[in-house]
Amino acid sequence: MDTFYNPLTLSRLQFAITTSFHMFWPLLTIGLAWWLVALEAAWMITGRETFYRHRHFWGKLFLLGFGVGVASGLPLEFQFGTNWALFSRAGGGFFGNILGFEASMSFMLEAAFLGIMIFGWNRISKGMHLFATIMVAFGATLSAFWIMSANAWMQTPAGTEMVDGRAVPVDYYAAIFNPSWFYSFTHMLAACLATTLFFIGGICAWFISTGRQSETFLKALKGVVLAAAIITPLQIYLGDLSGRGVAKYQPAKTAAMEAHWQTNAPGSGASWAVAAWPDSANERNAWEIRVPYMLSLMTDRSLTGPVTGLKEFPPRDRPPVALPFYALRLMVLIGMSMFALMLWSLAKWARGRLTVERLGKSRWFLRAWMWSIPLGFIAADLGWAVREVGRQPWVIYNVMRTEHGVSNISAANAAWTLVGYTAIYIAILIAFIVLARRVILRGPDETLELSYTAGGGDDDAAAGGH
């Protein structure tokens, strides 16, 4: 069978492109939903019109992202049937149920309250409207929980038994809260929040650089910096926690991520490759730059902790090496650059230089924030590549090989649908950029009046006073 032109490779590529594209939107909308909650709550507490108008401005971007997220998520569900029918048949007893929970419990909760959130202005009380917005944010977060639980089960299957080639749940609690669910979910949730913060911060920086509503957007940027001061170090901790979890439960993936071929001898430390060129054919790195003891220290918190090398696994059970190795390093580099930008912002703030007047002379600082807009999206996709490629050759780790999960379809069908999906995603992405650009260029409507007059009692009176 041709190395590339076969149903397995084409189906994997198709699912990878679909997932990578779809992931952009939950990354954006989960964080934006909580940002809307914060703005709406601030408006209710302070009564200040600025919060109300910004709530509407960011709400438009949220709705754009939500719409694209729904449109791009549907093909994923289809592909489980069209391209991965054998996997769906084998794992559906648990995996399918979890996706069902996600759709019926989380997505429906989010969708139902989304309607109230959009059309409820001036029809329900402000408190009830805030409740609807909270439910939208909660539903989006709950959706991420179910998705990550299902994926974590594929990484570290538990609570199920294979009976006649099918996964049968014997302990739902153990299956849902499998060994990797916690660090998988929290690491992804922090990624969503960090991505949104730098997306918002970049847009704020753009408004400040253009001199439009600079004072207002500077306040928003300061809020972003404060939140990033919590989220970015937390994400570094969760990334480390995830790395140690992978080392414990998926040692072959760790070995591939680190291009680590030889298990270190007892009493000696495993060195960490900062950079290398993996040579899988000869089971070595063609060249490398290594830091002694560091890999043992990172995975085992010991200078001489054992780290299993790739040579301990049969060649047919090893994941690819080069892609996880470099994707991991790029992801970490991006994450650390976001952390550094947060520190730079705090330093400016501490020295009294985070003012409109000062920032007018700090063009590179504002550019750094604007350039950071895509960083979270790129880092998350790189991290997902590490996670999924590192799991190979298994679709359910150590239970079912990926080649046994693909549907009996022709390469031609997989190829033309791959081209079709890719073309559609490019068109959707262009449409989103055009529409989002239009919303951003218009900015918050400074003439938007507080017309809250129905169902709010005293709240309405307070709103009308501004």
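Modeller: Before we start, a word on names: helices are DSSP runs of H or I with at least four residues, strands are DSSP runs of E with at least two, and both are numbered from the N terminus. Please keep in mind that this is a predicted model.

Biologist: Thanks! How many helices and strands are there in the protein?

Modeller: The protein holds 16 helices and six strands.

Biologist: What makes the radius of gyration of the protein agree with that of a compact globule?

Modeller: For 466 residues, a compact globule would have a radius of gyration near 23 Å, and the protein has 24 Å, so the two agree. Along the principal axes, the C-alpha atoms fill a box of roughly 75 × 50 × 40 Å.

Biologist: What share of the residues of the protein count as buried?

Modeller: Of the 466 residues, 50% count as buried, a label that calls for under 20% relative accessible area. The accessible surface comes to about 20,900 Å², and 66% of that belongs to carbon and sulfur atoms.

Biologist: And what share of the contacts comes from residues 24 or more positions apart?

Modeller: Among contacts with a separation of 6 or more, 77% are between residues 24 or more positions apart.

Biologist: Let's look at single residues. Why is Val 419 called exposed?

Modeller: The label needs over 50% relative accessible area. Val 419 has 55%, so Val 419 counts as exposed. You can find Val 419 in helix H15, residues 411-442. From Val 419 to Ala 190 it is 229 residues in sequence and 33 Å in space, C-alpha to C-alpha.

Biologist: What makes Asn 122 stand out in its backbone?

Modeller: Asn 122 is not a glycine, although its phi is positive, about 70°. Asn 122 sits in the loop between helix H4 (95-119) and H5. With 27% relative accessibility, Asn 122 counts as partly exposed, because that value is between the limits.

Biologist: What is the phi of Glu 283?

Modeller: Glu 283 has a positive phi too, about 55°, and is not a glycine. The loop between E3 and strand E4 (284-291) is its place. Its relative accessibility is 27%, so Glu 283 counts as partly exposed.

Biologist: Which kind of peptide bond joins Gln 392 and Pro 393?

Modeller: A cis one, with omega at about 10°. Pro 393 lies in the loop between H14 and strand E5 (394-396).

Biologist: How do you know that Ser 209 touches Arg 363, Leu 366 and Met 370?

Modeller: Touching is contact, and contact means heavy atoms within 4.5 Å, so each of these residues meets that cut-off with Ser 209. Residues up to four places away in sequence are not counted. Ser 209 is in helix H7, and the C-alpha atoms of Ser 209 and Val 356, 147 residues apart along the chain, are separated by 9.1 Å.

Biologist: Now the second largest pocket: what is its volume?

Modeller: Its volume is about 1,100 Å³. It is lined by 43 residues, and the closest to its centre are His 187, Gly 239, Leu 328, Met 331 and Val 332.

Biologist: Which elements supply at least two residues each of this lining?

Modeller: They are helices H5 (126-155), H7 (181-210), H8 (214-249), H9 (251-257), H10 (294-300), H11 (322-350) and H14 (375-389), together with strand E3 (272-279). The largest share, nine residues, comes from H8.

How values were computed: Residues numbered from 1 in each chain as written. Predicted model: local features only at pLDDT ≥ 70, side-chain atom pairs only at ≥ 80, totals over all residues. Heavy atoms only, no water. Buried < 20%, exposed > 50% of the residue type's maximum accessible area, 1.4 Å probe, protein only. 1 Å grid on protein atoms, 1.4 Å probe; cavity = no way out; pocket = protein on both sides within 12 Å on 5 of 7 lines; lining within 4 Å. Points joined across faces, edges and corners; volume = space filled by probe spheres on them. Rg over C-alpha atoms; globule rule 2.2 N^0.38 Å. Areas by Shrake-Rupley, 256 points an atom, 1.4 Å probe, with all protein chains shown as cover.
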